[in-house]
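Subject: Structure for your review

Hello,

Here is the structure for you to look over. My notes on it follow below.

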Amino acid sequence: MTKPSLPDLLHAAVTAVGGTERPGQVAMAEAVAEAVGGPAPEDSPQGEDGAKRGYAHLLVQAGTGTGKSLGYLVPALAHGERVVIATATLALQRQLVERDLPRTVDALHPLLRRRPEFAMLKGRSNYLCLHRLHEGAPQDEEDGLFDVFEQATPTSKLGKDLMRLRDWADETETGDRDALTPGVSDRAWGQVSVSSRECLGASKCAYGAECFAEAARERAKLADVVITNHALLAIDAIEGAPVLPQHEVLIIDEAHELVSRVTGVATGELTPGQVNRAVRRAAKLVNEKAADQLQTASETFERLMELALPGRLEEIPEDLGYCLMALRDAARTVISALGSTRDKSVQDEDAVRKQALASVENIHAVAERIANGSEYDVVWYERHDRFGASLRVAPLSVSGLLREKLFEDRSVVLTSATLKLGGDFNGVAASLGLAPEGTEGEDVPPWKGLDVGSPFEYGKQGILYVAKHLAQPGREGSRTDMLDELAELIEAAGGRTLGLFSSMRAAQAAAEELRGRLDVPILLQGEETLGELIRTFAEDARTCLFGTLSLWQGVDVPGPNCQLVVMDRVPFPRPDDPLMSARQKAVEEAGGNGFMAVAATHAALLMAQGAGRLVRATGDRGVVAVLDPRVERARYGSFLRKSMPQFWYTTDRNQVRRSLAAIDAAAEAAEAAEK
């Protein structure tokens, strides 16, 4: 029997989801098939043995509306071997598992003559723990266990959440937190979940046979396609203990987020509160001498942290070094003691011991990492108004880690709407540990970059306006001219505005000022849940929504209710950001341009994502307004502009006001016609 062709498979899948094939989607599917070794187009390159030979790795930029999910799902399902797909956001995971995969599998089944299985796999703390639910959570201040279900007031928010969780546990098939709607607070979830370090293990747990996390792993072992997240992918790569099942192909969607997610997983933290909790958890389970040693080291650390000033520690101060070594040694002593001491007075001692061990092992690992010092790590103090001071350590770069752990022994496809910054893929590729495209060498993973474009006509659907007449934004102080400009643009647009700000302080100041000047509702991030804010914004054309980082990437509002996207300034990282400034300095010391490689690339990625909020459908029209003259005047301005969708570009403020007024009038006329 001849294998079905890729065009036939793609056509069946697109028809099943009610879509239409697009040239970019076809080009993407062909390139992915070539990379993973599935059904390939007839003209793909051949090796000496005549076999089709693809690229080892592929970076694909697929603009909004391309249908990129099917662009990689169809060749992945046709491949026949196990494929792991890692995404950054819950929304895309849900879309894949609840909508795209079921329909695609049904559509391809008659052609493939098999029904590929798929499964979701996340970190253990994402699943309800039946042991915690039924036996209670070990409590720091109490002997044994604390039944939070009995202690919580039934009418309190926590009490209601816990009662819902208990009821939900009887009906859920997966125990996955994200399947619980509406959700519960982190505090409530923390009472019924465990980290991988706190888990007793299926063989030792009375509920091991029914464990939701273990069941998810078993389903993943049997599945042809495993959907996971960037964080679990990072844990799988960094910690060396395989979490994901063996696979030949890895597809990373929303790949522009990967470096920050991997950095997050590879970041360690020590706080006085965290160390104190570890002391309390271990105190009942070890001998007095071991407990006192850790208590003394904890008190010394707490005194040091009271004096800590925010900022990078290029060298570890002597007193901090001694303190960290004392913490490390005391933690090691406690870990040894925890293995030999038993206390029959402690209820469910195995669970209490496992939680204590997890806390102390983390203290030991982070203290040892910082005390040992590494030229590849960045260490800094951070101070938070609410949580106090913390000591943090993160890798200077994750590119070497990714090159070593990600791109060996499998084909990797990375895709996003924003991978091509400043006109090429090399900036993003470098952050992933890849050499410039076309570089050859024994230890150089070969890759290809492909931009499949977008079905949208950006030059006709949108305008990129840079307010070059404004004063350059400074680090501090109000920007009166910017607020005046913003007010005039919103008035011309009749509301319909998504305001993207580089800081929460700037968003709050703009909302406060414009609420007093404009007769349109202005929603502000933080005043309601993000989902509720976006829903309200999408329902009322006159409404504006102001916010910061998560809005730059997380808003999908097609249609006339989002016709003006405003960026208050170029979103460079803060000059005092210890990790970003250290990375910039390292590039400069190696002879590169640190500003362009780190700060400008960071800003370009965010601006590309932010500008992508404007055109979400073929009928969308509008303006992206950047209220920072540096995008026009500075040398790096062209790099930033090339990174955004190629809208029609202008600096003419009057032209933009006329265009916004015309777009608003057309939207009003369309709304009136519908009534």
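**Backbone and charge notes**

R113 sits in the loop that joins α4 (90-112) to β3 (118-120); helices (H or I, at least four residues) and strands (E, at least two) are DSSP runs, numbered from the N terminus. This is a predicted model, in which local features need pLDDT of at least 70 and side-chain atom pairs count only at pLDDT 80 or more, while totals for chains, interfaces and linings use all residues. Residues are numbered from 1 along each chain as its sequence is written, and side-chain values use heavy atoms, with hydrogens and water left out.

Backbone points

Although R113 is not a glycine, its phi is positive, at about 60°. R113 is exposed, with a relative accessible area of 63%. Here buried means under 20% relative accessible area, exposed over 50%, and partly exposed in between (1.4 Å probe, protein chains only). The areas come from the Shrake-Rupley method with a 1.4 Å probe, and for residues only the protein chains shown count as cover.

R496 is not a glycine either, and has a positive phi of about 50°. R496 belongs to the loop between α19 (480-493) and β15 (497-500). Its relative accessibility is 0%, so R496 counts as buried.

The peptide bond from T181 to P182 is cis, with omega near -10°. P182 is in the loop between α7 (157-171) and α8 (186-190).

Salt bridges

Side chains of opposite charge can pair when their charged atoms come close. The structure holds 35 salt bridges, a salt bridge being a side-chain nitrogen of Lys or Arg within 4 Å of a carboxyl oxygen of Asp or Glu.

One of them joins the side chains of R517 and D484, at 2.8 Å from N to O. R517 is in the loop between α20 (504-515) and β16 (522-524) and D484 is in helix α19, so this pair ties together parts that are 33 residues apart in sequence. R517 is partly exposed, at 38% relative accessible area, and D484 is also partly exposed, at 29%.

The buried R496 forms a salt bridge with E671, with the closest N and O atoms 3.2 Å apart. This pair links distant parts of the chain, 175 residues apart: R496 in the loop between α19 and β15, and E671 in helix α27 (residues 653-674). E671 is partly exposed, with a relative accessible area of 26%.

R542 and D664 meet through their side chains in a salt bridge of 3.3 Å, N to O. R542 is in the loop between α21 (530-539) and β17 (544-547) and D664 is in helix α27, so to speak of distant parts of the chain, 122 residues apart, is to describe this pair. R542 counts as partly exposed at 24% relative accessibility, whereas D664 is buried, with a relative accessible area of 10%.

Surface charge

E404, E408, D409, E442 and D443 gather on the surface in a patch of negative charge. Patches are made of residues with over 30% relative accessible area and no salt bridge; like charges are joined within 9 Å, and nonpolar side chains (Val, Leu, Ile, Met, Phe, Trp, Tyr) within 5 Å. Lys and Arg count as positive and Asp and Glu as negative, with His and the chain ends not counted. E404 lies in helix α16 (residues 399-406) and is partly exposed, with a relative accessible area of 46%.

Regards

Key
Charge placed at Lys NZ, Arg CZ, Asp CG, Glu CD.
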